[in-house]
Amino acid sequence: MTSSSFVHLHVHTEFSRLDSTITVRGLVDKAREYGMSAVAITDHGNIDGAEVFVELCREVGIKPIVGCEMYVVDELPVLPMARTFHLLLLCENAEGYENLRRLVDHSHKEGLHHLPRIDKKILRQHAEGLIALSACLKGEVPNLCMRNEYDEAVAVAKGYAAIFPGRFYLELNGNGLPEQKAFNKGLLRIAEELDLPVVATNDCHYLNLDDAFEHEKMLCAQTGKSITDPTRMRLSSDEFYFKSPDEMAEAFADAPEAIDNTLQIAERCTFSS
């Protein structure tokens, strides 16, 4: 596998505050080290790092893909018991960037309730030019798959596919979690049933495998816990790092189309300023 045959599309940086140890400079340097043709930035609820990210990518000849992992509820204002899910949005073009900017602004001005949220109504109004990925375990479709609520997962996937016609991908995660294997299987089943594409990501929160402990200490700072506290928040895998193309190909050996589709998405994304 050549280095340029995979693109990371789900990456958190220092702008996912207290949730990633990846600096924008470190991200771009690592993508260049791996010979990647493109790379994405997808921080939680903001695009604050987009400008410096684009500039640094241009300096080294890598295509920047600007995105955001949004917090989505069914309807605003947020009810106390309303569930919030993740959805990954990537800018396909300049219109997509303007729509993403509007969605982020709306989430902070109108949807802020502990987290900056949007609902599906506003998402529908500003979907043009955006590619959507179903996100991690906290995404609505994979979460339903993990809970064995398959029919509901299919219905939600249909809904997102209608909002993003030809631009909705079911996101397979490769961080080595047992629950990921379960929901990846469900997502592959939905992809076949609804004729939807799948795409491979690694939901990166740190650059290298040996950065896992530093990330765990950051989570302790975020939650006010001690590193010795057995109840502290922690990821149950040390594979949330910026894996090499070969590592990603190995993780998705049973679904090579998910690797290929990272390149397809990168080619579709033309916004860079």
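Both faces of strand E1 are covered: Ala38, Ala40, Thr42 and His44 on one side, and Val39, Ile41 and Asp43 on the other, are all buried (under 20% relative accessible area with a 1.4 Å probe, protein chains only). The model is predicted, so local features need pLDDT of at least 70 and side-chain atom pairs pLDDT 80 or more, while totals for chains, interfaces and linings use all residues. Numbering starts from 1 along each chain as its sequence is written, and side-chain values use heavy atoms, without hydrogens and water.

E1 spans residues 38–44, and because seven of its seven residues are buried, the strand is largely enclosed by the rest of the structure. Strands (E, at least two residues) and helices (H or I, at least four) are DSSP runs numbered from the N terminus. E1 pairs in the parallel sense with strand E2, residues 63–73, over seven bridges; pairing requires at least two DSSP bridges. Ala40 has Ile65 of E2 as its bridge partner.

Elsewhere, the second largest pocket has a volume of about 370 Å³. A pocket is an open set of points on a 1 Å grid over the protein atoms alone where a 1.4 Å probe fits, with protein on both sides within 12 Å along at least five of seven lines; lining residues have an atom within 4 Å of a point. The volume is the space filled by probe spheres set on the points, which are joined across faces, edges and corners. Of the 19 lining residues, Lys181, Asn184, Ala251, Phe252 and Asp254 are the closest to the centre of this pocket. Helix H7 gives the largest share of the lining, five residues.

Definitions and conventions:
Buried means under 20% relative accessible area, exposed over 50%, partly exposed in between (1.4 Å probe, protein chains only).
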